[in-house]
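Have the viewer open as you read.

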Amino acid sequence: MDNVAHTLENLHTETRSFRPLASFAAHANATAYEYKKAGVDRLEYWREAAQRLAWKTPFTEILDWSDAPVARWFHDGTLNACDNAVDRHIREGRGDRVAFHFVGEPGDTQTLTYADIHERVQKAANGLASLGVGKGDRVAIYLPQIPEAVVAMLACARVGAIHSVVFGGFSADSLRQRIDDAEAKLVITADGGNRRGSHLALKPLVDDALAGHPEQGPAASVEHVLVVRRTGQDTAWTEGRDLWWHDVVDPQPAEHEPVWVEAEHPLFILYTSGTTGTPKGLWHSTGGYLTGAAQSHRLVFDLKPETDVYWCTADVGWITGHSYIVYGPMINGATQVLYEGTPNTPHEGRWWEIVEEYKVTILYTAPTAIRTFMKWGKAIPQQYDLSSLRLLGSVGEPINPEAWMWYRRVIGGDRCPIVDTWWQTETGSIMISPLPGVTATKPGSAMTPMPGVSIDVVDDAGRPVANGEGGYLVITEPWPSMLRGIWGNRHRYVSTYWNHFDGLYFAGDGAKKDVDGDLWLLGRVDDVMNVSGHRLTTTEIEHSLVSHPWVAEAAVVGASDEVTGQAVVAFVIVRSDAHGVPSEGSEVAAALREHVRRQIGALAKPRTILVVSEVPKTRSGKIMRRLLRDVAENRATGDVTTLADPTVMDAIRGGLEAGRAD
């Protein structure tokens, strides 16, 4: 509870509150009746939400909780996720509506209607079938942020295959872990993507992943690699295994009947960091997940599909991209912007240029991005016409009040409501958020649980805390979009999420109820760090550092960072018998940072590496990361009486400047 308590002590009381504008509330999708309806009969509320989907076979049972904590929602109904996201719009006469305005980093663009997506997805589904991919097979997708990424996900859903999207920034080792755990039959990738003005190679990383280390051997489950030509760079080829997307997909007929699956059929596996260092393969069902994603998207973002242009800036490799680029918005018939590049390529006004050009009305992004724009200055967005914006969203981590106010004032012109959303890969859809037009908002607060969602804050004994107090954020009732498990490991699912408090799902985050009962998220209370909205574990980075021949021991903490929310700070002990260790700490740090980047990915690179002679440990040998966090954040060191050697903190602080290597 130390993290929670410390954060509570430093959380100032926020007195500002913004009521919904009457002009917005008059036309909002959500009304106060949403809360009342869900409060009267929660299951009936979710039944009505599920009936907004297109079902092949209507469901008759809402929830089966007899095998708790594994839920079965709408389980006797059948449907298809791709049919809901694409085909229904064709059937209902919306085929000519723009689905995506794609903007490539080099400046290339595509405008794709729902009819265009329908044609591409049917061809891709036939292409997958020609490679023997069918219901229940797993497909790893390792692509840049391009239309083929969306098409590949939907094509998998169309044939009943289970997609596992891997963010393109992950290393070959990380990709291999995910391929092996899911036993993927097919990998879909690209020759490369565009990143900060350069071509980023992807296919070589797939080749390395599939080849594996000498003691590991080749990936046995993968039969083919399907490669999208994006950059045109030279690409190594394995005959019989590697196939070009355009050779397999383009010749296929644009007719394919969706495979109808049970509501509980797995739709996707998405890997997230685990506290043991091994990524967790979280899997979501079809019917319940789609219900949560579509309902939350319609209410939280107040989508008016006939007139809105919606832009979620996340990558499809993360859950935000799954729920709020592919499934939720497409089910609701949204017109979206899909952007391949970074916020500052080719210039720092790139996002605002896109907002102006495509008349974006709804923007959903991360506090990290907002803080970066704050650092660059308000003069940049003020060069562009942002008057089309009518709603702003925040996701990925708690947003500090200063960034919230800057977002509202500079980007939203003091007229756009801000929906600060809390949810997780595990929850599948937004769990806490204001409803625009209904809920008053406070800078930095996610405010209230969504209708139909039951959330509380409890103390160490699992008792609800009073208003004004903090504790652990828990979910007290099952919800449709909840994860159904960790792939192939029910025991780990139960022990990870359900053993902390009897009968309660523990989210791993701390939270506070303010005096009004509104919720303030305080971040992780375990050793999972949140870097730019992406979850990384201390354990997996420590394992990477210790695998380097110079390092005897490593301890990693997440330290507050004004831009990324948290930054990785590592304390390393160099082996006394190591050969070739540079005398300069900066050279040691540079080599170790590059080592972590190769093994895990750029997101995991420590911001700071400190070479120390010892790390603080309890008498039982547990590293006291709380004390290291104090050092990393330049605070007075907390209680050291439980340490096996209390003088170790003096030694660390004494050698701090000499040993610092940024």
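## Cavities

About 40 Å³ of space lies in the second largest cavity. This is a predicted model, where local features need pLDDT of at least 70 and side-chain atom pairs count only at pLDDT 80 or more, while totals for chains, interfaces and linings use all residues. Residues are numbered from 1 along each chain as its sequence is written, and side-chain values use heavy atoms, with hydrogens and water left out. A cavity here is a set of points, on a 1 Å grid over the protein atoms alone, where a 1.4 Å probe fits but cannot get out, and lining residues have an atom within 4 Å of a point. Points are joined across faces, edges and corners, and a volume is the space filled by probe spheres set on them.

The lining of that second largest cavity includes Asn80, Ala81, His265, Pro266 and Thr286. By class it has six nonpolar, four polar and no charged residues (Ala, Val, Leu, Ile, Met, Phe, Trp, Tyr, Cys and Pro count as nonpolar, Asp, Glu, Lys and Arg as charged, and the others, Gly among them, as polar).

## The largest one

Helices (H or I, at least four residues) and strands (E, at least two) are DSSP runs, numbered from the N terminus. The class count for the largest cavity is seven nonpolar, four polar and no charged.

Four strands make an open sheet in the order 21-22-24-25, with antiparallel pairing (two strands pair if DSSP finds at least two bridges between them). Strand 21 (455–458) and strand 25 (519–524) sit at the edges with a single partner strand each, so one side of each has no neighbour in the sheet.

Look for Gly470, whose bridge partner in strand 24 is Lys512.

## Helix 19

Helix 19 (residues 625–632) is mostly covered, with seven of its eight residues buried (under 20% relative accessible area, with a 1.4 Å probe and protein chains only). Arg625, Arg629 and Asp630 are among those buried residues. Just after helix 19, Asn634 takes a positive phi of about 60°.

Notes: On a 1 Å grid over the protein atoms alone, a cavity is a set of points where a 1.4 Å probe fits but cannot get out, and a pocket is an open set with protein on both sides within 12 Å along at least five of seven lines; lining residues have an atom within 4 Å of a point. Buried means under 20% relative accessible area, exposed over 50%, partly exposed in between (1.4 Å probe, protein chains only).
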